[in-house]
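Q: Hi, I'm new to this one. Please walk me through it, starting wherever you like.

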Amino acid sequence: MKYREIELKSGTKIFLGKDAENNDELVKEFRQKENMIMHTVAPGSPFCVIEKINPDKKDIQEATIICASKSQDWRDNKSDVRIHWF
């Protein structure tokens with residue numbers, strides 16, 4: 001199963017899960033690699049992986065917005081969405 005793949009303005013790639021099963025596969029694949037993984041505090045969003053260990057502030061901000069925009073929290077509330085980074 002493939003993940004969503006998005007290229008940020010800087011050229012850095014991020015990967016997003018499509019559902020709960022795909023999220024599990026994504027985390028398993030990337031957990032031992034150098035990257036940043038993020039997920040909304042509330043359930044119901046894709047896990048998002050930035051494919052580098054120390055992304056710059058602009059990459060983090062852009063990836064966070066994308067991750068939040070794909071969440072049920074944003075869909076339902078249209079307000080601030082809290083994100084955890086791992």
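**A loop, a core and some strands**

Q: Where is Asn35 found?
A: Asn35 sits in the loop between helix H1 (20-30) and strand E3 (36-40). Helices (H or I, at least four residues) and strands (E, at least two) are DSSP runs, numbered from the N terminus.

Q: And what kind of model is this?
A: It's a predicted model, where local features need pLDDT of at least 70, side-chain atom pairs count only at pLDDT 80 or more, and totals for chains, interfaces and linings use all residues. Residues are numbered from 1 along each chain as its sequence is written, and side-chain values use heavy atoms, with hydrogens and water left out.

Q: Back to Asn35: buried or exposed?
A: Asn35 is buried, at a relative accessible area of 9%. Buried means under 20% relative accessible area, exposed over 50% and partly exposed in between, using a 1.4 Å probe and protein chains only.

Q: What does Asn35 touch?
A: Leaving out residues up to four places away in sequence, Asn35 touches Phe30, Val49, Ile50, Glu51, Lys52, Ile53 and Phe86. Contact here means heavy atoms within 4.5 Å. Also, a polar atom of the Asn35 side chain lies 2.7 Å from the backbone oxygen of Phe30.

Q: OK, next topic. Which residues of the largest nonpolar core touch the most other members?
A: Ile14, Met38, Ile50, Ala63 and Ile83 do, out of 14 residues in that core. A nonpolar core is a set of buried Ala, Val, Leu, Ile, Met, Phe, Trp, Tyr and Cys residues joined through side-chain atoms within 4.5 Å.

Q: Which strands and helix supply at least two residues of this core?
A: Strand E2 (13-16), E3, strand E4 (48-50) and helix H2 (57-69) each do. H2 gives the largest share, five residues.

Q: What is Ala63 in contact with?
A: Leu8, Ile14, Met38 and Ile50, if you set aside neighbours within four places in sequence. Another core, of six residues, lies apart from that one, and Tyr3, Phe15, Leu26 and Ile37 are among them.

Q: Which residues are buried in H2?
A: Asp59, Ile60, Glu62, Ala63, Thr64, Ile66, Cys67 and Ala68. The elements covering the buried residues of H2 include strand E1 (4-7), E2, E3, E4, helix H3 (72-77) and strand E5 (83-85).

Q: What about E3, how many of its residues are buried?
A: Five of the five, so E3 is largely enclosed by the rest of the structure. Met36, Met38 and Thr40 are buried on one side, and Ile37 and His39 on the other.

Q: What does E3 pair with over three bridges in the antiparallel sense?
A: E3 pairs that way with E4, where Ile50 is the bridge partner of Met36. Three bridges also join E3 to E5, again antiparallel, and His39 has His84 as its partner there. Two strands pair if DSSP finds at least two bridges between them.

Q: Last one: how many salt bridges are there in the whole structure?
A: A search finds three. A salt bridge is a side-chain nitrogen of Lys or Arg within 4 Å of a carboxyl oxygen of Asp or Glu. Glu5 and Lys13 form one, with their closest N and O atoms 3.3 Å apart. Another joins Asp59 and Lys52 at 3.4 Å; Asp59 is buried at 2% relative accessibility, while Lys52 is partly exposed at 30%. Asp76 and Arg75 meet in one at 2.9 Å, N to O.

Terms used. A polar contact is a pair of N or O atoms within 3.5 Å; within protein, one must be able to donate a hydrogen and the other to accept it, and residues adjacent in sequence count only if both atoms are side-chain atoms.
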